[in-house]
Amino acid sequence: MLKIGLIGCGFMGTMHANCYKNIAGVELAALADVRPERAGELAKGTHAACWGDGMELIKNADVDVVDICLPTYLHARYALAAMEKAKYVFIEKPVALTVAEGEALLQKQKETGCRVQIGQVIRFWDEYVELRKIVESGAYGKVVNANFRRLSPLPTWGWQNWLLDPALSGGAGQDLHIHDMDYVLSLFGEPQSYSTVKNVLGEKNSYVATVLRYEDFVVSVEGTWGLPTTYPFTATFRVVFEKATVEYAGGKLTVYDEAGARPVAIEKAQLEGGFEGGNISDLGGYYNELVYFTGRAKAGLPVEKATLADGVASLAFVRKEIGNE
Ligand SMILES: NC(=O)c1ccc[n+]([C@@H]2O[C@H](COP(=O)([O-])OP(=O)(O)OC[C@H]3O[C@@H](n4cnc5c(N)ncnc54)[C@H](O)[C@@H]3O)[C@@H](O)[C@H]2O)c1
């Protein structure tokens, strides 16, 4: 059994715990949260030992893996300690608050050889995985233009409302929009140039729109969490190829061409019993990324997807893009 120590039992920690409980050969062995009732809730039905501060878990728990689902401004401090403790560490995205922190993590990785995966979950989201296959296959010719959007109501669930303080989360640009930017950079590489606009009124980082120029195509990426609480969380993309257009909207992936519109069927992993809460009901990507991560850990293999270096590169790009750096 691969023993997991999970630090931070809030929104994302709950998601991860539900995934681990459904992965074969994996055991939730330790949980930590400064709100003990949160760890206690997730421990139900497991033999997990519960701790308060994450450092107590890192110092005392018998685990093979540490998974850090703490608020972003705490990632680096706990990840540095976790990399001394465990051979495999998972850090939620964004990898850290600042690029300097990300570089300190890379340095620690050199010293310890720790294998680290970052929660850039879109790389594991079924429809985005399918899009990567389509782009790489060249089935519909070259990309002409593309658009990625991520639209959310204000995230008010955070412990002590840390998400709403840009000094702790980086704001919507660094917390939300980084999902699409990381994916776009991983799919198309660094652009030749780009330009960005942000809110003029209101919190400047709550709306970001960037146009990236590549040699023979353009990509626009829009992200906001400045929407009313009644607005449904929305993630979409539309990629125009020479011979067809591929769109992900309303939870469906469709290929359009002159012959008609064809749905692309995708078989999704579902958690037993489902999961209530949050704005994302589809657990496929979270489950997929943790199946990959725990699979690498069980086999003693390096992490080759959503690596620490990938996470730091995306963080560096986005912090520059939105003017945080
Ligand atoms: N991949 C995604 O789609 C996605 C979605 C949401 C959040 N996230 C990321 O996940 C991370 C956590 O976000 P969240 O929404 O779960 O936040 P949250 O506020 O819901 O949860 C954080 C938890 O950490 C606990 N905590 C705080 N300090 C602690 C400490 N020192 N030791 C132990 N526990 C401590 C809090 O009590 C809280 O339960 C963030 O980096 C966020 O950006 C990723």
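Tyrosine 256 counts as partly exposed in this predicted model, because 14 C-beta neighbours sit inside 10 Å. This tyrosine belongs to strand E13, which covers residues 252-257. Setting aside its neighbours within four places in sequence, tyrosine 256 touches Ala244, Thr245, Glu247 and Ala261. Valine 219 is another story: it lies 37 residues from tyrosine 256 in sequence and 19 Å from it in space, going from C-alpha to C-alpha.

Next comes helix H5, residues 99-112. Which residues of H5 are buried? They are Gly102, Leu105 and Lys108. These three cover an arc of only 115° around the axis, which means that they fall on the same side of H5. Just past the end of H5, glycine 113 adopts a positive phi of about 75°.

So what do the buried residues of H5 pack against? Their partners are helix H4 (75-85) and helix H10 (308-321). With H4, the packing angle is about 5° and the axes are 10 Å apart. H4 has its own set of buried residues, namely His75, Ala76, Tyr78, Ala79, Ala81, Ala82 and Met83. H5 is one of the elements covering them, and the cover also includes strand E1 (2-7), helix H3 (54-60), strand E4 (65-68) and strand E5 (88-91). In the loop that leads from E5 to H5 sits proline 94. The peptide bond joining lysine 93 to proline 94 is cis, its omega being near -15°.

With H10, H5 packs at an angle of about 165°, and the axes are 9 Å apart. The two helices are therefore roughly antiparallel. Their crossing is left-handed. From H5, the residues involved are Val99, Gly102, Glu103, Leu105, Leu106 and Gln109, and they meet Leu308, Ala309, Val312, Leu315, Ala316 and Arg319 of H10.

H10 also packs with helix H8 (residues 171-188), this time at an angle of about 115° with the axes 9 Å apart. Here the crossing is right-handed. Gly173, Gln174, His177, Ile178, Met181, Asp182, Leu185 and Ser186 on the H8 side meet Asp310, Ser314, Phe317, Val318 and Arg319 on the H10 side.

Alanine 306 is found in the loop between helix H9 (284-299) and H10, and its phi is near 45°, a positive value in a residue other than glycine. Asparagine 161, in the loop between strand E7 (143-153) and helix H7 (166-169), has a positive phi of about 55° although it is not a glycine. Is each one buried or exposed? Alanine 306 counts as buried because 26 C-beta neighbours lie inside 10 Å, whereas asparagine 161 is exposed, with 12 other C-beta atoms within 10 Å.

How values were computed:
Residues numbered from 1 in each chain as written. Predicted model: local features only at pLDDT ≥ 70, side-chain atom pairs only at ≥ 80, totals over all residues. Buried ≥ 20, exposed ≤ 12 C-beta atoms within 10 Å, placed from the backbone. Helix = DSSP H or I, 4+ residues; strand = E, 2+ residues; numbered from the N terminus. Arc of directions from axis to C-beta. Contact = placed C-beta atoms within 7 Å. Axes fitted to C-alpha atoms, helices over the stretch in contact; angles between N-to-C directions. Parallel < 35°, antiparallel > 145°, perpendicular 65-115°, else oblique. Left-handed = near helix turned anticlockwise from the far one by under 90°.
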